[in-house]
Amino acid sequence: MRVPSRHLARLARAYAQRNSGAGVQQAANLGRIAVEAPGSLAASLQLVRGQAQAAVQVNLEQQVHVIPEIKTDIFGAVSPVSEADLIEEGVFRNVDGHRFDDGRYQAFREDIQQFISQERVYTDPVRTFAYGTDASFYRLNPKMVVKVHNEAELKRILPIAKKHGVPVTFRAAGTSLSGQALTDSVLLKLSHTGKNFRNFQIHVSKQDPHSSLWQQR
């Protein structure tokens, strides 16, 4: 028996709709062949079924959404893994999670300890964990916390940080709701006595907009 192509197309659409919904009708139109299928009705139906199944499979492959891998750090924070997370162990990049101590942090610490006492430099996991959050729900645990007493110390610390390529972040009372007092590099703690860095203004240099001047009122 010879089956008209319009019947084959109708059968293909019906099969596709029954197996994966009307969304695959366009793919199922593969069954709308321009010539009549030769042979018996059973053979023609088998041809239609094969075409429709192929269309359904193509559609399902297009609809698959890959669930991203996740990572959990040593403190239990969970986040998706992205290309930026392809970490080269020991290779420093100035990106959160990539700031490995390739010697720069040790060199920075040795230099600042010439004028900052060891009691004001924290690297132990308990106190760095405590400084790893603020009033926000974010967390970044610093490699080092340095308690800075005055402007003179700060003016000596910043050139050392620049020399060794060590990013620094300032922290006052830690009341930020946006996480800007957090870092996984060096955290400079300013207001630990309640009297540090009061009545100061920061002026941007007209000659160099990237530099600033601290001036006490």
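Over the ring of which residue does the charged end of Arg104 sit? I find it over the ring of Phe92, 3.6 Å from the centre, where a charge sits over a ring if NZ of Lys or CZ of Arg is within 6 Å of the ring centre and within 35 degrees of the ring normal.

I note that this is a predicted model, in which local features need pLDDT of at least 70, side-chain atom pairs count only at pLDDT 80 or more, and totals for chains, interfaces and linings use all residues. Residues are numbered from 1 along each chain as its sequence is written, and side-chain values use heavy atoms, with hydrogens and water left out.

I then looked up ring pairs (centres within 6.5 Å; planes under 30 degrees apart stacked, over 60 edge-to-face, the rest tilted) and found 2 aromatic pairs. Phe92 and Tyr105 form a tilted pair, 6.4 Å centre to centre with 55° between the planes. Phe92 lies in the loop between strand E2 (78-80) and H4, and Tyr105 in helix H4, so the pair ties together parts that are 13 residues apart in sequence; helices (H or I, at least four residues) and strands (E, at least two) are DSSP runs, numbered from the N terminus. Both Phe92 and Tyr105 are buried, meaning under 20% relative accessible area, with exposed over 50% and partly exposed in between (1.4 Å probe, protein chains only).

For Phe137 and Tyr138 I read ring centres 4.6 Å apart and planes at 40°, so this pair is tilted. Phe137 counts as exposed at 73% relative accessibility, while Tyr138 is partly exposed at 40%.

How values were computed: Phe/Tyr/Trp six-rings, centres within 6.5 Å; stacked < 30°, edge-to-face > 60°.
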